[in-house]
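Dear colleague,

Here is the structure for you to look through. My notes on what was found in it come below.

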Amino acid sequence: MGTFVLLMAEAAAVGGELAEGAEHSGFGLNTNILETNLINLAIIITVLFVFGRKVLGNTLKSRRENIETAIKSAEQRAASAAKQLQEAQQKLTQAQAEATRIKADAEVSAKTAGEAILVQAAADIEKMQAAGAADLNAELERVISQLRQKVVAQALQKAEAELKTGIAEDAQKTIIDRSIAQLGG
């Protein structure tokens, strides 16, 4: 620190001398080596070069190491990001393939379900038609049975009425001939 103060005092003295010399003579070149402090300047430059080189070298080396570390870190982050991007793209491709498969499965299931529904509907229609036909046949048989009963009842009533009134002789003869004819005689 003392050297620095001494150098500052010298510089102030030299500055004062230069200012005085400039006032007296104007502009000129001083060739006296002791008055111009060339030795002091050479010493300062040498000291700065020797000690400053180490400080500046250390500072630059530290800065270089920091930059190299930052570059390596950035490269690692870039590689990590690229790897994550690739993984995400693979997952996206897998998800798209899975979605396509699910969609195809759903279409097949829907088609199968539709066909099953159509088959079931056709079977139900056939059952309904068969039940309707059976109901119709049963109703027809019931109506025919009722008609037969009515016809028989009416025939019996007519026969009873004719029996009560008596059958005419030619009608009896006609009935007997008809009955013989039917029997094969």
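Phe-51 counts as exposed, because its relative accessibility is 54% (buried means under 20% relative accessible area, exposed over 50%, and partly exposed in between, with a 1.4 Å probe and protein chains only). Phe-51 sits in helix H2, residues 38-165; helices are DSSP runs of H or I with at least four residues, strands are runs of E with at least two, and both are numbered from the N terminus.

Before the rest, a word on the source. This is a predicted model, in which local features need pLDDT of at least 70 and side-chain atom pairs count only at pLDDT 80 or more, while totals for chains, interfaces and linings use all residues. Residues are numbered from 1 along each chain as its sequence is written, and side-chain values use heavy atoms, with hydrogens and water left out.

Overall picture

The protein chain has three helices and zero strands, so that it reads α-α-α along the sequence. Of its 185 residues, 1% count as buried. The accessible surface of the protein chain is about 16,400 Å², and 64% of that belongs to carbon and sulfur atoms; such areas come from the Shrake-Rupley method with a 1.4 Å probe, and for residues only the protein chains shown count as cover.

The surface patch

Phe-51 is one of the residues of a nonpolar surface patch, together with Ile-39, Ile-43, Val-47, Phe-49 and Val-50. Together they have about 560 Å² of accessible area. Patches are made of residues with over 30% relative accessible area and no salt bridge; like charges are joined within 9 Å, and nonpolar side chains (Val, Leu, Ile, Met, Phe, Trp, Tyr) within 5 Å.

Salt bridges

The structure holds four salt bridges, each being a side-chain nitrogen of Lys or Arg within 4 Å of a carboxyl oxygen of Asp or Glu. One of them joins Glu-68 to Arg-64, at 3.2 Å from N to O. Both residues are in helix H2, four residues apart, about one turn of the helix. Glu-68 counts as partly exposed because its relative accessibility is 35%, whereas Arg-64 is exposed, with a relative accessible area of 57%.

Further along, Glu-98, Arg-101 and Asp-105 are linked in a network of salt bridges. Arg-101 meets Glu-98 at 2.3 Å, N to O, and the two lie three residues apart in helix H2, about one turn. Arg-101 also pairs with Asp-105, where the closest N and O atoms are 2.8 Å apart; here the separation within helix H2 is four residues, again about one turn. Arg-101 is partly exposed at 43% relative accessibility. Glu-98, at 36%, is partly exposed, and Asp-105, at 38%, is partly exposed too.

The coiled-coil record

An unreviewed UniProt entry carries the annotation "coiled-coil region" for residues 57-105 and 130-164. UniProt positions are given in the numbering used here, feature names are shortened, and annotations may be inferred rather than shown by experiment. In the model, residues 130-164 are 100% helix and 0% strand, with their end C-alpha atoms 50 Å apart.

Helix H3

Helix H3 covers residues 169-183, which makes 15 residues. From first to last C-alpha it reaches 21 Å, close to the 21 Å expected at 1.5 Å a residue, where the expected span is 1.5 Å times one less than the number of residues. After H3 comes Gly-184, whose phi is positive, near 105°.

Regards
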